[in-house]
Amino acid sequence: MTLDDLRVFVAVCRAGSLSAVARELACTQSAVSQRVKRLERETGVSLLERQPRGVAPTPAGLILCEAAADGIAGLELALRRLGDLVHGESGSVRITTGSTTVRHFMAEAIVSFRRRYPKVNLEFQTESSSRGCLGALIAGNLDLAWITLGGPVRGVEQRPVAELPWVLAMRAGDPLAARPRVEVSDLADIPLVRLPPNSTSGGRLHAALAELGIRAGSDTSVADWDTALLLAELGLGRAVVPALPGLPVPGDEGPLRLVPIPALPPLPVGWAARRWDALPPLARAFADTVAGTLREDAAPEGRSARPDE
C-alpha cells in the first residue's frame, strides 16, 4: 500500500462516496476504487460496504481509517515543521473557520501577525459549521480550526479562548429594546430567528433554554449569526445571538438593539488542533496572536475572554 492509497481511502470514508472523491481528485471513480481494492488485498479484509447512498467503512475499515488519518496528520505536521526549519519565518498557516469568523474574531490579529511575519501566507478554508471545521481539520492538511467548543472529539485538542455572552437582537422601537436586560422567561412567547439546530452554537442555545424550562418558538432559520443580526435590524424578527467581538454597540440613533440575557451561560469559542504540541511554530504564533487581541479588546468592557493556557 502507498501513502496516496491511504489518503484516498480516508477521503472516501469521510465523504461516504467514491464519486465525490473522484471529482475532488479530478480522476475516475474506477481509479479511486482501485486504490481501495489494493488496500483490501494488502489487508485481506473488506474495508468498504455499499449502502443505499454511497459507501461506509466496515468495522475493519473504520480501524484502518482512524489509524491512517492519525498517521497522515502526524506526518503532515512533521513535514510542515521541517519546512519551517528550512525556510525560517516564511511558509504558511492553514486555518479552517466559519463564514463570519475572520471579520469578528481575527481581523485585528491578522494585521498584527502580518506585520510580524510578512513572508507568511495565511490560508483560510471556510466551512458552514464547527462540525464541518473539525471534519476538515481531521481530514485535511490544516493547522487550526476556530470553532464553538463542544464535547471531546477523538484526535483533536480544543483550547478555549473566549466566552461570549448572549444578547437579544431586535430593531429599535421593539417593546423589549429599552430594557437593560432580558429574562429568559421573556423568550417563551417570542418567535425567534433560529440558528441551525445541528450547529454547535444552536445546540448549546437550545440546551440552555431547555434546562431553564423555556421552549422558544421560531418562524425563521438562518445559517450564520450575521444573517440573524441583519434580519433583526430590518425588523424581520428577533434573534438570540452571541455578543460577537468587533460588533458595534448599538446607540440610540441606530436601527439595531442588543439587550443582554444574563441568565444564559456564555458560549465558549476557541481553537482546535490535532496535536497542540506538534503545531508548527508559526501556527501557534497565529493562534496566540488571535487570543491576545481578543483579550485586549475584551478587557476594557469586562467581557469574559481568556487566553490559552
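I looked up the largest nonpolar core first, and of its 62 residues V93, L144, W271 and F286 touch the most other members. I took a nonpolar core as a set of buried Ala, Val, Leu, Ile, Met, Phe, Trp, Tyr and Cys residues joined through side-chain atoms within 4.5 Å, with buried meaning under 20% relative accessible area, exposed over 50% and partly exposed in between (1.4 Å probe, protein chains only). Helix 9 (residues 281–298) gives the most to this core, with eight residues; helices (H or I, at least four residues) and strands (E, at least two) are DSSP runs, numbered from the N terminus.

This is a predicted model, in which local features need pLDDT of at least 70 and side-chain atom pairs count only at pLDDT 80 or more, while totals for chains, interfaces and linings use all residues. Residues are numbered from 1 along each chain as its sequence is written, and side-chain values use heavy atoms, with hydrogens and water left out.

I then listed the contacts (heavy atoms within 4.5 Å) of F286, which touches V93, I95, M106, I110, F113, L122, F124, L144 and W271, not counting residues up to four places away in sequence. Apart from this core lies another, of 20 residues, among them V10, V21, A22 and L48.

Next I turned to helix 2 (residues 18–25), where L18, V21 and A22 are buried. Seen down the axis, the buried residues of helix 2 fall within an arc of 105 degrees (taken from the directions from the helix axis to the C-beta atoms), so they line one face of the helix. On the other side of helix 2, R23 and E24 are exposed. Helix 1 (3–15), helix 3 (29–43), strand 1 (48–50) and strand 2 (55–57) are among what covers the buried residues.

Grid points are joined across faces, edges and corners, and a volume is the space filled by probe spheres set on the points.

The largest cavity holds about 320 Å³ of space, and of its 22 lining residues G98, S128, S130, T148 and W225 are the closest to its centre. The largest pocket holds about 410 Å³, and helix 1 gives the most to its lining, with six residues.

Terms used: On a 1 Å grid over the protein atoms alone, a cavity is a set of points where a 1.4 Å probe fits but cannot get out, and a pocket is an open set with protein on both sides within 12 Å along at least five of seven lines; lining residues have an atom within 4 Å of a point.
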